[in-house]
Amino acid sequence: MRNNSVIGWLLAAPLSLVLLVFLVAPVAMIVVVSFWGATEWSIYPAFQFDNYEFLLTSNVTFRVFFNTLKYAAITWVFTLLIGVTVAYYLAFHIRSQTWQVALFLLCTIPFLTSNIIRMISWIPFLGRNGIANSTLISMGVIDEPLEWLLFSDFSVILAFVHLYTLFMIVPIFNTMMRIDKSLMEAAADAGATGWQTLWHVVIPLSKPGIMIGTIFVVALVMGDFITVRFMSGSQSANVGRMIQNDIALLQYPSASATAVILLVTVLLMIGTLLRFVDIRKEL
Amino acid sequence: MNQKLDLELISLTKRYGATVAVDAIGYHFSAGTYACLLGPSGCGKSSTLRMIAGHENISDGSITLGGRDISHLPPAKRGTAMMFQNYALFPHLSVRDNVAFSLKMSGVDTATRRARAGEMLELVDMTALADRLPAQLSGGQQQRAALARALITKPDVLLLDEPLSALDPFLRIRMRAELKKLQRELGITFVHVTHGQDEALALADEIVVMNDAKIEQAGKTRNVFDTPKTAFVARFLGSHNVVAMPDGMIAVRSDALKVTPVEAAKLPGTITNIEYQGTHVALTATVPGKQEVTALLSDKEFFGNPKDLGEAIGLDWQAEAAHALAR
């Protein structure tokens, strides 16, 4: 027994060490620095609540957090709709497994290029004289180029949805593939229409996948700064941008405090989500 | 029984690409019959059942229920209900909600739904477990829940796809007694797919023996068992010897064989195995043509005149016990 427990600790050691060095230590560092003080030209160790006080009483913080949550919510809605649709199609309408795998891989092909490139490639498409506008004008749908296509909330959310839908598709597809096909027949036998089967059988049974996808998308969007910067043309802000600005101005304590608040917010959101669905049984 | 609710298969065919899974079979199930579709795996019995249920498209032919062509109706409009092999209970719904599912789909209000589901659960003796999830039930309880769910639609025909195969042998025997009892009480037609001949014999009023996409033989269970028409049926139902005699193949039941002195017998043989089975002794002998024949003797019969391995014996039977076989 004694021997076993030693081996157990040894087996757990490498991962614990990695987590300690690369997760716990940096987070602890951020928390510590978030209580430090700063002047225009220096930062100094301290234990004071100035950073938090400033953040939590500033109107800007709330507007930026609200904006971040808005991006997360809208992106979530779209990635969820697309994710469920694509996963449902792949899992239930493609009969042959070869095609299922082939189409699934097709979904992942965009991920072979870098995030930034996929994001930036929207710019010539959406720009004032871009493909979208010129096509619409030549089709006679509009007379003037649409201004809101690029460097707007629209383009930010479009890029988010484009970048992160796969993170919704994969877990939902995975749970849908595990749904016993005879349940669909049982539903048909009970007189359920296609929509009823979707709503009363498929969606409830896909909840764990939906939840995992939601956690991915929410965490990614909440923590993002580069997409917002590029796609809004620096006209919109989210929490990530706020932290980035502070860092650019060497205001590490303030950046740390913002990061801590963001971390707490995201953890609370995920904690709430996990109350609804037990994802452990899916992992 | 209600004549109007007879189920009829008319040259029913199922093709998957070039392979024919069900080849133009026809059969008439009288209303209120407990019928078993019996055959080895891949014989087309499950495809047949799934076509009746509407979960498989029909390639050719048709299915009528009570004179109404149901071949192309959706499953819920056919007057049939299916009980799936693994029961296919919705894992996220309680037993009660599972049973009430079809009522919910057709928009019945909650109170009525719960009351009707309650009645059904009472019928299968599951009232106490109504709020459990399927994962919290044993195999037999899951089966009862599935039965209640199928029966709540008031079907004219209940289709059962290997309903007992997921149960352990002890439970299987108990559940088959319950199935039979339920069928008698409800008076509706049961069509039950199985590959177990003992199950079919125990349950069915009529059996349909299928092989290679075709019906080998069908009819009243006793008739089929007593007078098998083909070697396949005789072998599949068991307890029969299929012997090639000079004037063709015959089937003789093992318990119709008598051990006699060699001279007086229809077949001479050498004993190769003696198996004591409690009430009976199974005596296997090799007969001319390297065929094996098993005689089932009562223990009194055998021990009154014991035999030994390697001993030469004669095997005899009454002329009417032998049935000429088509193949």
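The model is predicted, and local features require pLDDT of at least 70, side-chain atom pairs count only at pLDDT 80 or more, and totals for chains, interfaces and linings use all residues. Residues are numbered from 1 along each chain as its sequence is written, while chains are lettered from A and ligands numbered from 1 in the order in which they are written. Helices (H or I, at least four residues) and strands (E, at least two) are DSSP runs, numbered from the N terminus.

**Domains and annotated spans**

- Chain B is divided into domain 1 (7-226) and domain 2 (242-324), with bounds that come from an automatic or database domain assignment.
- The centres of these two domains of chain B, taken over C-alpha atoms, are separated by 40 Å.
- An unreviewed UniProt entry lists residues 7-237 of chain B as "domain: ABC transporter"; UniProt positions are given in the numbering used here, feature names are shortened, and annotations may be inferred rather than shown by experiment.
- Residues 7-237 of chain B are 37% helix and 27% strand, and the end C-alpha atoms of this span lie 25 Å apart.
- For chain A, an unreviewed UniProt entry lists residues 65-273 as "domain: ABC transmembrane type-1".
- That span of chain A is 78% helix and 0% strand, with its end C-alpha atoms 19 Å apart.

**The five-stranded sheet of chain B**

- Five strands of chain B form an open sheet in the order S13-S17-S14-S15-S16, with antiparallel pairing; two strands pair if DSSP finds at least two bridges between them.
- Strands S13 (258-260) and S16 (291-298) of chain B are at the edges and have a single partner strand each, so one side of each has no neighbour in the sheet.
- Neighbouring strands of this sheet are turned by 50° against each other on average, direction ignored, where axes are lines fitted to C-alpha atoms and angles run from 0 to 180 degrees between N-to-C directions.
- Strand S15 (residues 280-287) of chain B pairs with S16(B) in the antiparallel sense over eight bridges.
- B:Leu283 has B:Ala295 in S16(B) as its bridge partner.

- The buried residues of H1(B) include B:Lys45, B:Thr48 and B:Arg50.
- B:Gly54 follows H1(B) and has a positive phi, near 95°.
- Helix H3 (residues 110-123) of chain B has 14 residues and reaches 20 Å from its first C-alpha to its last, close to the 20 Å expected at 1.5 Å a residue; the expected span is 1.5 Å times one less than the number of residues.
- B:Arg113, B:Ala117, B:Met120 and B:Leu121 are buried in H3(B).
- These residues lie on the same side of H3(B) because they cover an arc of only 100° around the axis, the arc being that of the directions from the helix axis to the C-beta atoms.
- B:Ala111, B:Thr112, B:Ala115 and B:Glu122 are exposed on the other side of H3(B).

**Loop residues with positive phi**

- Most residues other than glycine have a negative phi.
- B:Glu162, which is not a glycine, has a positive phi of about 40° and lies in the loop between strand S7 (157-161) and helix H5 (169-186) of chain B.
- B:Glu162 is buried, with 20 other C-beta atoms within 10 Å.
- B:Ala213, also not a glycine, has a positive phi of about 70° and is placed in the loop between strands S9 (206-211) and S10 (214-220) of chain B.
- B:Ala213 counts as buried, with 22 C-beta neighbours inside 10 Å.

Definitions and conventions
A residue is buried if 20 or more other C-beta atoms lie within 10 Å of its own, exposed if 12 or fewer, and partly exposed in between; C-beta atoms are placed from the backbone.
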